[in-house]
Amino acid sequence: MRDLDNKVVVVTGAAGGIGTAICRRFVDAGARVVAVDKDEDALQRLAEALRPLNAQLALLPLDITNHERVVSRIGSIAESLGGIDALVNNAGWDLPVQFLESSPEFWNKVIAINLVGPLNLHHAVLPHMISRGGGMVVNIASDAGRVGSSGEAVYSACKGGIIAFTKTIARECANHNIRVNTVCPGPTDTALLQLFGGDGEYGKKLYEGLKRAIPLKRLGKPEDVAGIVVFLSSPEAGFITGQTISVSGGLTMHG
Ligand SMILES: NC(=O)c1ccc[n+]([C@@H]2O[C@H](COP(=O)([O-])OP(=O)(O)OC[C@H]3O[C@@H](n4cnc5c(N)ncnc54)[C@H](O)[C@@H]3O)[C@@H](O)[C@H]2O)c1
């Protein structure tokens, strides 16, 4: 698929597991990728990993929770690259904890990264898309936001919020030719999942249990998520908006 030639795509959480796979698929499709992440060292590793295609990559170290900086940095990028065609809100974070054992400080951090961060990016990017007559947004939520997930109450609330927010923005922006969709990964083999299970005995049991429960009998790979994200950002998905799509090996099935 080369129909994203020279399109400018902003990807947050770009240096993480799923983010790296998404960036790789976009540069393979000919897009110019603005890789946003708060981890500068990981961004450098991303650039190394994407050689020799990293000329298509602009690294943007940025904390998505800071509205003022997000608006100003995105504004500079839109000006220097001549606009923004697509946005992928992929950055996310959580730690497993029972709700009654969690603190308001922890809730605030989870909400800032998983809910407020994507709102900041929409606020910064949508005006540039509107002024150019269109664009695409893909929000990475989670099946936790569709069916719940023990130990992830506040994260699930944020991801469910992102699903509802996506549908509303899809309606508000349809007349500006902007499509907005949500992708919900199931358990996917990345650093975030490692945070959840750890690499000890508990983690091993958790991952084996998940594999047994998943109809396709394996954990997701970051590449499993990347394909649908690039498809939804492409002209081939030109009549798809406001949708929520799970990539979970059949763990969750929705009508
Ligand atoms: N891995 C899974 O099992 C799974 C399941 C469902 C949903 N998801 C979602 O997929 C997305 C990607 O997760 P992943 O598994 O690749 O995790 P990851 O930990 O590998 O990557 C997340 C990236 O987000 C970045 N990030 C975190 N906070 C940030 C901030 N404030 N500003 C900028 N960057 C920030 C991190 O530095 C990291 O590079 C997340 O939204 C996550 O909630 C993952």
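This is a predicted model: local features need pLDDT of at least 70, side-chain atom pairs count only at pLDDT 80 or more; totals for chains, interfaces and linings use all residues.
**Backbone angles**

- Most residues other than glycine have a negative phi, and most peptide bonds are trans.
- N6, although it is not a glycine, has a positive phi of about 65°, and this residue is found in the segment before strand 1, which covers residues 8–12.
- K217 is a residue other than glycine whose phi is also positive, with a value near 60°, and its place in the chain is the loop between helix 8 (201–213) and helix 9 (222–232).
- K217 counts as exposed because its relative accessibility is 51%, and the cut-off for that term is over 50%.

**A cis peptide bond**

- The peptide bond that runs from R51 to P52 is cis, and its omega is near 0°.
- P52 itself lies in the loop between helix 2, residues 40–49, and strand 3, residues 57–61.

**The largest cavity**

- Two cavities of 30 Å³ or more are counted in the model, and the largest of them has a volume of about 50 Å³.
- The lining of the largest cavity includes D94, L95, V97, Q98, F99, S102 and F106 from one part of the numbering, and it also includes G151, E152, A153, V154 and Y155.
- Helix 6, which covers residues 153–173, gives the largest share of this lining, namely three residues.
- By residue type, the lining of the largest cavity divides into seven nonpolar, three polar and two charged residues.

**The second largest cavity**

- The second largest cavity holds about 40 Å³ of space, and its lining is made up of N89, A91, N114, P118, N139, I140, K159 and I162.
- Helix 4 (104–132), strand 5 (135–140) and helix 6 each supply at least two residues of the lining of this second largest cavity.
- The lining of the second largest cavity divides into four nonpolar residues, three polar residues and one charged residue.

Methods. Residues are numbered from 1 along each chain as its sequence is written. Side-chain values use heavy atoms; hydrogens and water are left out. On a 1 Å grid over the protein atoms alone, a cavity is a set of points where a 1.4 Å probe fits but cannot get out, and a pocket is an open set with protein on both sides within 12 Å along at least five of seven lines; lining residues have an atom within 4 Å of a point. Grid points are joined across faces, edges and corners, and a volume is the space filled by probe spheres set on the points. Helices (H or I, at least four residues) and strands (E, at least two) are DSSP runs, numbered from the N terminus. Ala, Val, Leu, Ile, Met, Phe, Trp, Tyr, Cys and Pro count as nonpolar, Asp, Glu, Lys and Arg as charged, and the others, Gly among them, as polar. Buried means under 20% relative accessible area, exposed over 50%, partly exposed in between (1.4 Å probe, protein chains only).
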